[in-house]
Each structure stands twice: as structure tokens, then as C-alpha cells.
Amino acid sequence: MLCSLVRLVVAQSPSNMSSMQVVHYEPGRKSEWDTFIARAKNGIFLFYRDYLAYHADRFPDASLMFYGEDERLVGLLPATIRDTTLSSHAGLTFGGVVSDNAMKASVMLEIFDAMRANLIERGLTHAVYKAVPHIYHRLPAEEDLYALYRHDARIVRRDISSAILLKNRLPFSKGRKWAIKQGQKNGLEIRKSEDFKSFMAIEEEVLEVKHNLRPVHSAEEMQMLAGRFPDNIKLFGAYSDNTMLAGVVVYESDTVAHAQYIAANDEGKQKGALDLLLDYLINVHYQNKNYFDFGISTEDDGRYLNSGLIENKQGFGARAIVHDFYEIDLT
């Protein structure tokens with residue numbers, strides 16, 4: 001998925017004197033929170049409380065709600081705190097201030113001023129901010145990027161994600177076209193699946209062999225999350241004789257189909273299973289979305305580009321979108 005991470009330096013100023021109220025989220029406000037996310041111009045299902053709650057044991061919640069004139073809710077900040085640093089959001093690819101269609105630049109400045117004062121009062125020293133990438137916006141929603149600039153936020157990390165603008169798709173490379181034909185010749189079947197156990201076993205093996213890593217989610221977690229969000233989390237597989245050879249877990253929002261996990265076993269690689277599956281998702285199933293997003297290809301906080309990985313994504317016509325991490329120093 002896409003990210004902008006910023007660390008904010010917070011200091012009080014006369015502009016902090018406004019009617020903006022900062023309220024710490026509590027479970028009794030769940031309905032109000034979720035209702036706002038549903039109508040927000042940059043809200044996605046990752047910000048619903050039922051998603052945030054699944055890993056609250058690892059990322060204790062410290063979310064904030066902002067109320068403006070007439071005590072109207074104007075913004076939300078999914079957040080966590082570790083030591084003296086607030087992060088939005090440490091357990092998600094991105095976070096940032098979620099706002100609705102009424103958001104204006106001046107109101108966002110008030111939100112940041114009030115947030116800054118609140119964090120300083122609580123003794124926090126830094127804020128890490130990962131803005132919602134623009135491809136997830138239903139309407140332009142970059143008021144927060146200007147507010148970050150006004151608060152002397154600095155970019156401390158930049159990742160490259162690869163996405164396809166589906167209404168203006170670039171042609172696949174010759175290598176990708178050849179692999180798709182192999183999948184067709186081998187008579188592979190593409191279908192939606194609920195078999196997260198089989199797919200995550202493939203994903204785990206690929207990550208272990210290639211990177212000595214494990215997936216962020218277990219098969220049980222993916223099954224549980226897909227049950228909570230059946231319209232947003234979907235598994236598609238490429239099959240030979242009812243055996244899954246490759247799969248893609250898609251996180252679907254209003255504007256983006258994001259490939260959360262992509263994997264194929266050895267037989268699947270030989271038979272072109274993954275290429276055939278991705279061709280179907282890009283050109284058929286999600287052709288009416290705005291973007292198909294492959295996710296990042298950088299490591300070591302953005303300092304290392306995995307050239308082979310990004311070349312593979314570019315072979316499908318994907319091109320770069322950056323995810324910036326901002327830091328605000330509150331001392």
C-alpha cells in the first residue's frame with residue numbers, strides 16, 4: 001500500500017488559540033468515528049475501528065478526534081504512541097488526518113495547531129505522520145501536506161510504490177505477455193477464493209526463501225479480517241486441477257485495488273499462473289477502478305530499491321508513486 005511519513009516539531013504559537021477541540025478516542029465514540037470515515041474524502045476501510053482493533057494489543061490506540069465550531073466533528077487521526085512519539089499510524093501503511101468534503105486549508109491549520117499543543121502538553125517529543133496517498137482520495141485532500149510544511153515537518157523516509165492508472169493503461173512488456181500466454185496454454189483457472197490457508201502457505205514459503213521474512217498477517221488473521229470486511233479484502237487464485245498455484249490478496253477501496261500479497265509456488269511460476277491472474281485483475285475484474293496498486297519496492301527505510309521487484313511491476317505498466325514519511329520535532 002502508499003505512505004507519507006512526517007515527524008512534526010511542535011511548539012506553541014498564537015495561532016493555537018482557536019475553537020478547535022482535541023478529544024481522545026474512546027470506545028463509546030465508535031459509531032461516530034465509523035460514520036465519519038464512511039463519508040470522508042480520504043477515508044478507507046483500514047481506518048474503521050474494527051480493523052484498527054484487530055492488532056490493538058501490538059499497537060495500543062491513541063487516536064484523536066477534532067471538533068470545530070458548533071462542536072462539529074471535522075477530522076480524525078488514527079494514531080498510536082510508543083514512548084514519547086505519536087505515530088499515525090504505526091500499525092498501518094499510512095494514516096494522517098482523515099477529513100470530509102467540508103475541510104478547508106484554514107481548518108486543517110487549526111487542527112495541526114491544536115494537535116501540536118495537545119501533544120506538547122502530554123509530554124510527547126515527536127510526531128510521525130504518514131499521509132493518505134493521493135490515489136486513495138475521492139476528492140483532493142492534501143490540506144495536511146501544507147499544514148506539515150507550516151509546522152516545519154521534514155521528510156525522513158521516501159518509498160516508491162508502483163500503480164497503474166487504469167483508464168490510461170500502458171501495454172504489458174513482452175515478457176509479461178509471453179507468461180500470460182503460458183498460463184492460457186496450461187489451462188489454468190482463475191477464480192475468487194476463500195482458501196487463505198493455502199495461499200498464505202505459498203506466501204510464507206516465498207518470503208522465507210527469498211527474504212528470510214514472514215508475512216505481516218497470519219492465515220487466521222487474514223481469514224478473520226476478510227470476514228469482517230468481505231467487500232474490501234478479497235483473495236483471487238490461479239488453479240490447476242483445483243490446486244492453487246498462485247494468489248493475490250486485494251485490499252479494495254473506492255478508488256484503488258491494492259495488491260496486499262502476491263505469491264506463486266514453483267509450479268505456478270513455471271506455468272505463468274501469476275501473470276495470468278494479474279492480467280485478469282487489471283484488465284477485467286478491476287478495470288473500472290481508478291488505480292491498481294502493486295505496493296512498494298523499497299527497503300531499508302527507502303534507501304534501497306529492489307530493482308528486480310520494481311521491474312516486474314513496471315512490466316505490467318505500473319509507474320511510480322512516492323510514499324513520504326514526515327517527522328515533527330515537538331521539543
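User: What should I know before reading the values?
Analyst: This is a predicted model, where local features need pLDDT of at least 70, side-chain atom pairs count only at pLDDT 80 or more, and totals for chains, interfaces and linings use all residues. Residues are numbered from 1 along each chain as its sequence is written, and side-chain values use heavy atoms, with hydrogens and water left out.

User: How many helices and strands does the chain have, and what makes a stretch count as one?
Analyst: There are ten helices and 17 strands. Both are DSSP runs numbered from the N terminus: a helix is H or I with at least four residues, a strand is E with at least two.

User: How does the radius of gyration of the chain sit with a compact globule?
Analyst: The rule is 2.2 Å times the number of residues to the power 0.38, with the radius taken over C-alpha atoms. For 331 residues a compact globule would come out near 20 Å, and the chain has 21 Å, so the two agree. The C-alpha atoms fill a box of roughly 70 × 35 × 35 Å along the principal axes.

User: Why are Phe45 and Tyr251 called an edge-to-face pair?
Analyst: Rings of Phe, Tyr and Trp (its six-membered ring) pair if their centres lie within 6.5 Å; planes under 30 degrees apart are stacked, over 60 edge-to-face, and the rest tilted. The whole structure holds 16 aromatic pairs. In this one, Phe45 and Tyr251 are 5.4 Å apart centre to centre, with 65° between the planes, which makes the pair edge-to-face. Phe45 lies in the loop between α1 (30–39) and α2 (49–52) and Tyr251 in strand β12 (residues 243–252), so the pair ties together parts that are 206 residues apart in sequence.

User: Which residues form an aromatic cluster with Phe45?
Analyst: Tyr48, Tyr51, Tyr54, Phe229 and Tyr251 form one aromatic cluster with Phe45. Tyr51 is in contact (heavy atoms within 4.5 Å) with residues including Phe45, Leu92, His217, Phe229 and Tyr251, leaving aside neighbours within four places in sequence.

User: What makes something a nonpolar core, and which residues touch the most other members of the largest one?
Analyst: A nonpolar core is a set of buried Ala, Val, Leu, Ile, Met, Phe, Trp, Tyr and Cys residues joined through side-chain atoms within 4.5 Å. The largest has 45 residues, and Leu46, Phe47, Tyr51, Ile233, Val249 and Tyr251 touch the most other members. Helix α6 (residues 196–211) gives the most to this core, with five residues.

User: How do you know that Arg49 sits over the ring of Tyr25?
Analyst: A charge sits over a ring if NZ of Lys or CZ of Arg is within 6 Å of the ring centre and within 35 degrees of the ring normal. The charged end of Arg49 is 3.7 Å from the centre of the Tyr25 ring and is listed as sitting over it. Arg191 does likewise over the ring of Tyr239, also at 3.7 Å.

User: Why is Leu145 called partly exposed, while Ser240 counts as buried?
Analyst: Leu145 has 28%, between the two cut-offs, so it is partly exposed. Leu145 is found in helix α4 (residues 143–150). Ser240 has 13%, under 20%, so Ser240 is buried. Ser240 belongs to strand β11 (residues 233–240).

User: What about Asp241: buried or exposed?
Analyst: Asp241 has 73%, which is over 50%, so Asp241 is exposed. Asp241 lies in the loop between β11 and β12, and its phi is near 50°, a positive value in a residue other than glycine.

Conventions: Buried < 20%, exposed > 50% of the residue type's maximum accessible area, 1.4 Å probe, protein only.
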